[in-house]
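Reader: I would like to learn how to read charged pairs and surface patches in a model like this one. Could you take me through them step by step?

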Amino acid sequence: MVKGRLWFFSLFLVLNLAATFSSLKFSRDDFPPDFIFGSGTSAYQVEGAAFQDGRTPSIWDTFVHAGLSHGATGDIACDQYHKYKEDVKLLVETGLEGYRFSISWSRLIPNGRGLVNPKGFTYYNYLINELINHGRIIYSVRNGFDIFLVIFVGESSHMFLYFMATRHRLLKMSMRDGLVEGLKDFTEYDDVCF
């Protein structure tokens with residue numbers, strides 16, 4: 001009986017909040033002139049094309065395909081990889097001025113270090129150019145837990161599962177397993193991005 005009451009109270013609270021916020025009216029004038037309205041995504045959420053054009057698995061690919069996400073994957077996602085022009089058009093039509101997105105390390109440098117994937121580089125170049133051509137402000141993020149799998153876990157899927165189960169211990173693991181090497185890899189990746 002308590003579960004039923006809690007569920008009803010939760011539903012009641014959500015409906016009241018929805019009614020309250022839907023009756024509020026905001027306009028652009030309610031915000032400072034330099035306030036930027038925008039949208040934010042992460043590569044794994046929107047890009048799709050998980051196994052195309054040289055992209056290698058990230059830790060998220062392994063996590064979701066291990067059955068830990070109730071069947072949801074980013075294999076196709078919103079397919080921004082193929083539909084970036086339409087996505088930018090939607091940003092413009094919605095009136096959003098900025099776009100924050102992450103750059104997938106496993107798409108840009110498939111082996112984690114070394115050679116840059118020309119198709120991945122071209123995709124991000126096209127996306128950025130499309131945003132610039134439409135006057136959008138660009139914010140890029142170079143992580144978002146879309147970390148390449150090859151170096152991060154090497155050959156051991158057990159270490160990966162350990163990481164996913166205890167993400168809050170990442171810093172301790174990194175220090176124990178070679179934080180300096182990881183920083184070198186990230187620096188090389190960051191240099192490619194900029």
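Author: Let us begin with the term itself: a salt bridge is counted when a side-chain nitrogen of Lys or Arg lies within 4 Å of a carboxyl oxygen of Asp or Glu. The general idea is that side chains of opposite charge can pair when their charged atoms come close. In this model, which is predicted, Arg-55 and Asp-61 form such a bridge, with their closest N and O atoms 2.9 Å apart, and both residues are buried.

Reader: How many salt bridges does this rule give?

Author: The count comes to 5 salt bridges. One of them joins the side chains of Arg-107 and Glu-47 at 2.7 Å, N to O; this pair links distant parts of the chain, since Arg-107 sits in helix α5 and Glu-47 in the loop between α2 and α3, 60 residues apart.

Reader: Are Arg-107 and Glu-47 buried or exposed?

Author: Arg-107 is buried, and Glu-47 is buried as well. Another bridge pairs Lys-119 with Asp-53, where the closest N and O atoms are 3.7 Å apart, and it connects helix α6 with the loop between α2 and α3 across 66 residues. Lys-119 has a relative accessible area of 48% and is therefore partly exposed, while Asp-53, at 32%, also counts as partly exposed.

Reader: Which residues make the nonpolar surface patch?

Author: Ile-36, Ile-137 and Tyr-139 make a nonpolar patch of about 230 Å². Of these, Ile-137 belongs to strand β3, residues 137-141, and counts as partly exposed because its relative accessibility is 35%, a value between the 20% and 50% limits.

Terms used:
Residues numbered from 1 in each chain as written. Predicted model: local features only at pLDDT ≥ 70, side-chain atom pairs only at ≥ 80, totals over all residues. Heavy atoms only, no water. Patch = residues over 30% accessible without salt bridge, like charges linked within 9 Å, V, L, I, M, F, W, Y side chains within 5 Å. Areas by Shrake-Rupley, 256 points an atom, 1.4 Å probe, with all protein chains shown as cover. Helix = DSSP H or I, 4+ residues; strand = E, 2+ residues; numbered from the N terminus. Buried < 20%, exposed > 50% of the residue type's maximum accessible area, 1.4 Å probe, protein only.
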